[in-house]
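Reader: I'd like to learn how to read helix packing, salt bridges and sheets in a model. Can we go through one together?

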Amino acid sequence: MKCVNKEFWYSFFDENPESDDVADDIRSVGSLSRFTRPDWSLILTPSLFTETEIYKNTLELNTLFQLIKKLALKLYDGDYYAFSNAVGFKNIKLQALFDSYAKRHLNVITPCRWDFIKSDSGLKVLELNAGGSLGGFAFDQVQKIYDDCFNKAQQETDSSLVNEVWAAPFDEISNFMTPKLTKLNNPLVLVIDDETMYQESPLIANSISMALATKLQIQVKTIVHTDFQKALDEHDGDVMTFEVFSMSHIAEAEDEYHGYLCAIDNDEITPTIDLLSELYMSKAILALIADKYHHTLFSADEVKAIESLVPETYLLENASELDLGNDWLLKPANGYGGQGVICKWETPNESWQQSLNNAKDMASAFILQRRVNATQEKHIAMTARGDFVESSNPCVYGIFNINNQFSGGSVRQSLTASGVINASRNAAVGVVRLQKDSER
C-alpha cells in the first residue's frame, strides 16, 4: 500500500475549492478550543508521524523523564534545596516548598509536552513543558475536521489512502483520573487556577474544565485559589483537584495556599497534577543530563536516550571553555514562549557578548544549546489575514507524553525563517497526526 497521506493533504489545501471552508472551520474551532488564537497563523497541512516513529520515541522519552524525576536523588542525594537551586530556582522559600512537596510522595500525574526539532539523526529535545497549564489541550474538534476531510476523500477516490489516527492529551489524563473517581463518594472535580493568572486569562482554566467535563462525564467547576476553602465547604462529598497554578504561585502567596496544602496532608482532596512539574521544566536539567561527567551515575538505557534525544547543552556558568562559533543559542533556564532566547547567528557579535555578560550577572540560570540542523518540512499555512502561503522552514513539534503514553501533539513553523520558532514570533501552528504502519 502506497503512503500518499502527505501528498493528499498538500494537494487538498493547494487545489481543492473546499479548502477555504475547511481552513475557516479549523480556525474557528481552534479559537474556541484555545488551540490557536485568531491573530496566529495556522498550518493547514498536518505533520505526520508513523506509529513506529512514535513508539520508538515514546520509549526513549519515558526513560528520559524517569531519569529527570530521579535526578535530585542521583546528583544531590535527594536534597531538593540544592537541586532546585542548581536548575535556576534561587528563591529559598520556593526551594523549601519543592523539598516539602517532594516528601509527600503523592500519587499525581505530570502531563508533559516535549518540544522537538527534526534532524538527520532523529528528533532532538529543545525543552520540556510540564504541568496542568500546557495549552493546546482541547483540540479534539480540530482533529475531527481533518478526519471528515480524509474519510470523505477515501469514499470519493479510487486511490487507497493509508489510514490516519490521532491522540489527545485529555484522553490519557482522564484515564489517570477515572479509576480514582470511581472510589470517591459524590465526587466533584475542581479546576483551580491562581487568581491573578485567571484574571489575566480565564481561557486556560475554563477550557480545561470543559475538556474534563466532556471526558469524565462528571461535574467540573473552575475556581481561583482564594475560593478553594469555600468550594470545599460547600460540597457534600469528595473532591478531586486539577491544579493549573504552579509552585511559584504558592511561594508568592503562601498564606492563601495554606488551606490547599493542609487539605492534601489531611486527605481532604485527591490532587491530580504534580507541583514538581515546574521544577522538571527547567532547561538547566538538559544541561545536567547532557554533562558526560554525570553519565557514570546513569544506566546504559538512560545514557542511550540522552545521546539520542538531547543536543549539546551546557549551563552558562560551565561554558567558559567552549569555542562559541555561530551555531549557539542562549536561553533562560526557566523562560517560556521563546522569551529571552537569543540566536548567535542572528545577533551582532557585540550584542551577543553583551547578552552573555548580562546573563552571567543575573541571579537566574541560563543555558547554551548548540543549534540543531533541522530537516525541512513543506507546509501550506494560512495567515491571520486569510492568505495561503507555502513554507519549507524548520518546524518545532510539541509532542504530548502523559502517563508514559503518546498523547498527540502540535507543530509550529516559522514563516519568517526566525531561529526562535514561536507563535508570538510569527510562527504558524498546526496539529500532529499518526500514519498507521503498513506494508508498502
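**Helices, salt bridges and strands**

Author: Let's start with a helix pair: Phe170, Asp171, Ile173, Ser174, Met177, Thr178 and Leu181 in H7 meet Ile208, Ala211, Leu212, Lys215 and Leu216 in H9. Contact here means heavy atoms within 4.5 Å. Helices (H or I, at least four residues) and strands (E, at least two) are DSSP runs, numbered from the N terminus. This is a predicted model, where local features need pLDDT of at least 70 and side-chain atom pairs pLDDT 80 or more, while totals for chains, interfaces and linings use all residues. Residues are numbered from 1 along each chain as its sequence is written, and side-chain values use heavy atoms, with hydrogens and water left out.

Reader: At what angle do the axes of H7 and H9 cross?

Author: In general, two packed helices are described by the angle between their axes and the distance between the axes. Here H7 (residues 169-181) and H9 (residues 203-216) have axes that come within 10 Å and cross at roughly 60 degrees. Axes are lines fitted to C-alpha atoms, for helices over the stretch in contact, with angles from 0 to 180 degrees between N-to-C directions. The crossing is right-handed, that is, the near helix is turned clockwise from the far one by less than a right angle.

Reader: How many salt bridges does a search of the whole structure find?

Author: The general idea is that side chains of opposite charge can pair when their charged atoms come close. The search finds 17 salt bridges, each a side-chain nitrogen of Lys or Arg within 4 Å of a carboxyl oxygen of Asp or Glu.

Reader: What about Arg370 and Glu312?

Author: Their side chains form a salt bridge at 2.7 Å, N to O. Arg370 lies in strand S13 and Glu312 in the loop between H15 and S10, so this pair joins parts that are 58 residues apart in sequence. Arg370 is partly exposed at 27%, and Glu312 is partly exposed at 33%.

Reader: In what order do the strands of the open sheet come?

Author: The four strands run S10-S13-S11-S12, with antiparallel pairing; strands pair if DSSP finds at least two bridges between them. S10 and S12 are the edge strands, each pairing on one side only. Three bridges join S10 to S13, and Thr313 stands opposite Gln369 in S13. Helix H16 (residues 349-361) lies across S11, S12 and S13, at about 35 degrees to S11.

Technical notes
Buried < 20%, exposed > 50% of the residue type's maximum accessible area, 1.4 Å probe, protein only.
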